[in-house]
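The following note is intended for a colleague who is new to this structure. Please read its points alongside the display below.

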Amino acid sequence: MEKGMHEIHHLEQRELPIIFRHMVVQTGGVEVANWHNNIEIIYCNVGSGQVLCNSVEYDVEEGDIIIVNSNQMHFVRKTKKFEYYYLIIDSNFLSSNGISPNEIEFETFVRSEAVKSLFGQLIKEFH
């Protein structure tokens, strides 16, 4: 894997301390490997693909969630039609609410109807 890119998000300058986006990975598309201080949640909503996180490759399909912990190298690769949402949460916001992103490690791969439902509600609110 090529050397990754360190992303700096400047979320303290936003009204909400998050980034929330919908992505479509094109045929053969691979994002540049990157890492950042913030927590990122990736939710596959259409198709399937792979997410490489901290040197472990996860096959994801509709409804699966990957949680990228602080400072973990990660990227997304498509195998078929693949669309996903990602939510990046500011590390300073987490720290000010009692969650230290550098001291806690969330489970990486989540396949849960309850969490899928919650993420679906989040998508609805943003639209």
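Where does N71 lie?

1. N71 is found in the loop between β6 (65–68) and β7 (74–89); strands (E, at least two residues) and helices (H or I, at least four) are DSSP runs, numbered from the N terminus. Its phi is near 65°, a positive value in a residue other than glycine. With 36% relative accessibility, N71 counts as partly exposed, a class between buried (under 20% relative accessible area) and exposed (over 50%), computed with a 1.4 Å probe on protein chains only.

2. This is a predicted model, in which local features need pLDDT of at least 70, side-chain atom pairs count only at pLDDT 80 or more, and totals for chains, interfaces and linings use all residues. Residues are numbered from 1 along each chain as its sequence is written, and side-chain values use heavy atoms, with hydrogens and water left out.

3. N54 also has a positive phi, near 55°, and is not glycine. The loop between β4 and β5 (56–61) holds N54, which is partly exposed at 43% relative accessibility.

4. The count of aromatic pairs comes to 7. Rings of Phe, Tyr and Trp (its six-membered ring) pair if their centres lie within 6.5 Å; planes under 30 degrees apart count as stacked, over 60 as edge-to-face and the rest as tilted. Ring pairs join F20, Y43, Y85, F119 and F126 in a cluster.

5. Y43 and F119 form a stacked pair, 4.9 Å centre to centre with 25° between the planes. Because Y43 belongs to strand β4 (residues 39–53) and F119 to helix α2 (residues 113–126), the pair ties together parts 76 residues apart in sequence. Y43 is buried, at 8% relative accessible area, and F119 is buried at 6%.
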